[in-house]
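Subject: Structure handover

Hello,

Please find the structure below, followed by some notes on what was found in it.

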Amino acid sequence: MAKALKKYVYYVGLALSLYQLAIGLFGTPQSLVHRPLVAGILLSFLFINLDVRGKKGNDPRWYDIILAFLSLACGAYAIFCSKGFVTRYLYLTPVKPSEYVYGIIFLLLVLEAGRRALGWVMTTLCGVMIIYTLWGHLLPAALYHRKFSLGNLIEQLTMTTEGCFGSPTHSAVTVVFMFVLFGCCLNATKTGELFMDLSLSLTGRFSGATAKTAVVSSGLMGMIEGSSISNVVTTGTFTIPAMKKAGFPAIFAGAVETVASCGGQIMPPVMGAAAFIMADYTGIPYSSIIKYAIIPALLYYVCTMLQVHFRSKKLGMKGIPKDEIPRIWTVVKTKGVFILPVVLIIYMLMNGYTPMRAGFVAILVNLALALVFTRDRKGVLKSLVREFSNSSGQMTTIIAAVLNAGIIIGTLFMTGLGMRLSSFIVKLAGGQLFIGLLFAMLVAILLGMGMPTSGAYIVMATLVAPGLVKLGLSVVQAHMFVLYFACMSMLTPPVAIAAYAAASIADAPPSKVGFQAWRLALAAFIVPFMFAYGPDLLMLNGFLASVWPFITALAGCFSLAVGLEGFMLHDAMIVERVLAIGAAFCLINTSIVTDIIGCALICVIVVIQLASRKKQLLERS
């Protein structure tokens with residue numbers, strides 16, 4: 001039975017990948033046909049691949065097989081009844097007995113899939129919202145809503161595009177799936193080697209070269225992959241052992257790869273699944289989201305690189321021997337052609353093509369280049385088939401996240417709780433933006449624990465972003481803020497999923513890798529506050545208006561890294577570290593007064609460092 005199920009996952013997974021390529025070329029079928037079809041198949045894969053404890057690698061039990069069969073049956077039922085779903089009058093057309101059975105089973109499957117793939121946080125939240133929807137009419141005035149029957153709940157969540165099959169699911173089973181396939185194509189054609197070699201040629205001669213190579217290569221890979229865990233597994237396989245060999249502790253090596261990989265979710269042009277969901281959720285064109293994300297993504301990697309640099313200097317780490325560093329011209333000449341798919345994606349997205357079409361064309365171009373410039377063409381094709389068949393495995397966690405998020409969104413819509421929560425946030429913050437931002441950051445990190453970024457973002461976009469808008473942020477600022485911290489939840493203890501993946505490669509304790517990653521990313525935690533107070537960092541008013549805020553933001557990142565690592569030209573004293581952190585907080589606000597104060601404090605630190613360095617040199621002489 002186990003062998004038959006593996007064959008089912010392999011061949012149906014391959015067929016599903018080819019189907020995704022076909023809709024990239026011909027367009028997406030009707031919503032309540034396409035979404036249940038893909039969701040049902042992916043749920044069946046999830047129950048076969050993940051056991052009752054959420055672990056991979058164990059043979060499915062009899063109840064896993066039943067759940068997989070029920071997932072397919074629910075998908076088939078929704079497709080068969082799609083015409084009736086579309087034409088019914090919501091809350092007026094009676095719910096049939098068969099629809100009751102379908103709806104209850106499907107919701108239970110979604111909750112169990114969420115528990116296995118995401119943990120108890122999301123499942124508990126969904127369960128609370130279902131209970132609140134059914135019995136909230138019995139609560140006091142502050143939480144009261146109109147009475148809804150079980151049939152109303154089933155209609156909303158399983159028979160419309162305003163529940164489980166809503167916008168997040170649409171993004172997941174179309175655009176996100178396409179870019180997962182693009183990542184699979186890159187792995188099959190070994191395009192990732194180009195980014196590794198480029199990174200090594202750029203950073204190899206500097207202090208802590210292997211760690212800096214990890215940051216650059218993960219950033220480059222993140223431009224086209226957009227998944228923290230996939231990025232860790234892809235680049236970390238090479239970078240983590242290299243860092244350990246160079247003398248970095250295993251915990252630090254895993255942390256560097258974790259932080260660098262998490263930034264890929266906000267690194268254009270592809271970014272992560274949450275960015276595509278953001279485009280659907282807000283109605284902002286994806287090409288605009290790319291533009292808004294450029295400076296925050298650059299600041300994230302600057303912060304990470306600065307902390308790695310100062311830590312490397314503090315540890316006395318050296319660069320790589322010159323004869324072991326690939327020459328950049330040689331890399332470009334031998335492998336540079338494989339950068340074309342990335343350039344093509346950027347061009348197509350910025351010129352109005354849909355992400356689906358851009359991803360489809362990029363896959364074809366990448367494959368064509370591999371077949372032309374690679375000798376082992378048969379090996380490339382075999383690897384591609386294997387990667388495509390396994391691609392659905394990467395989608396199972398995402399589908400669990402968006403279906404569960406659909407329950408939350410649908411119930412919030414029914415009860416009107418979302419609007420009341422946003423008003424509560426404004427009241428709790430007392431109208432103070434900074435307090436509201438701190439509250440949003442904490443909620444994003446807490447709710448995001450154990451969840452993929454897409455799930456964390458959907459919850460935050462529904463519950464918190466509207467409150468931030470009421471406090472004075474634009475829609476873009478609010479959603480970019482919660483998206484950024486949803487990414488941070490992947491590396492924040494105690495449940496830091498990306499850190500766990502890196503820890504397994506580094507052979508280090510996951511909790512210690514998670515804590516070290518969080519500490520290493522602390523400088524990057526100020527970036528969302530910077531663009532919340534300075535919208536020009538999102539290029540909302542054009543490129544020229546963003547130049548000075550970008551320069552002061554870089555200064556803020558620099559000073560915070562100095563304060564956190566306790567090093568600039570040499571070890572910093574406590575007073576210098578306090579001044580550096582103070583300068584960083586001054587530079588969060590983009591007003592000219594705080595900018596002058598922040599820059600003045602940095603100058604004071606530089607003078608102190610130079611003076612003490614001169615004194616040390618005189619004492620040695």
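Two residues are in contact when heavy atoms of theirs lie within 4.5 Å. Keep in mind that this is a predicted model.

**The core**

The largest nonpolar core has 201 residues. Tyr300, Tyr457 and Leu468 are the ones with the most contacts inside it. Helix 18, residues 377-415, gives the most to this core, with 16 residues.

What does Leu468 touch, leaving aside its neighbours within four places in sequence? Its contacts are Gly436, Leu437, Ala440, Leu473, Ala478, Phe481 and Val482.

**Salt bridges**

Side chains of opposite charge can pair when their charged atoms come close. The structure holds 8 salt bridges.

One of them joins the side chains of Glu565 and Arg311, at 2.6 Å from N to O. This pair links distant parts of the chain: Glu565 is in helix 27 and Arg311 in helix 14, 254 residues apart. Glu565 has a relative accessible area of 1%, so Glu565 is buried. Arg311 is buried too, because its relative accessibility is 12% and the cut-off for buried is under 20%.

Glu565 also meets the side chain of Arg519 in a salt bridge, at 3.4 Å from N to O.

Not counting residues up to four places away in sequence, Arg311 touches Phe252, Gln516, Arg519 and Glu565.

Another salt bridge, between the side chains of Glu112 and Arg115, has an N to O distance of 2.9 Å. Both residues lie in helix 5 (residues 97-118), 3 residues apart, which is about one turn of the helix. Arg115 is buried, with a relative accessible area of 18%.

Which residues make the nonpolar surface patch of about 940 Å²? They are Phe543, Leu544, Val547, Trp548, Ile551, Ile592, Val593, Ile596 and Ile597. Helix 27 (543-565) and helix 29 (592-620) are the elements that give two or more residues to the patch. Helix 27 supplies the largest share, 5 residues. Ile597 is found in helix 29, and at 40% relative accessibility Ile597 counts as partly exposed.

- Pro268 is placed in the loop between helix 12 (250-262) and helix 13 (273-282). Pro268 is buried, at 9% relative accessibility. Beyond the residues up to four places away in sequence, Pro268 touches Met223, Ile290, Ala293, Ile294 and Ala297. The C-alpha atoms of Pro268 and Gly222 are separated by 8.2 Å, while the two residues are 46 apart along the chain.
- Ala214 lies in helix 10, residues 209-225. Is Ala214 buried or exposed? Ala214 is buried, with a relative accessible area of 0%. Residues up to four places away in sequence aside, Ala214 touches Thr239, Met243, Val256, Glu257 and Ala260.
- Ser201 is in helix 9, residues 192-203, and counts as buried at 11% relative accessibility. Ser201 touches Ile325, Pro326, Arg327 and Ile328, again not counting residues up to four places away in sequence.

Regards

Note on methods. Residues numbered from 1 in each chain as written. Predicted model: local features only at pLDDT ≥ 70, side-chain atom pairs only at ≥ 80, totals over all residues. Heavy atoms only, no water. Core = buried A, V, L, I, M, F, W, Y, C linked by side-chain atoms within 4.5 Å. Buried < 20%, exposed > 50% of the residue type's maximum accessible area, 1.4 Å probe, protein only. Helix = DSSP H or I, 4+ residues; strand = E, 2+ residues; numbered from the N terminus. Patch = residues over 30% accessible without salt bridge, like charges linked within 9 Å, V, L, I, M, F, W, Y side chains within 5 Å. Areas by Shrake-Rupley, 256 points an atom, 1.4 Å probe, with all protein chains shown as cover. Salt bridge = Lys/Arg side-chain N within 4 Å of Asp/Glu carboxyl O.
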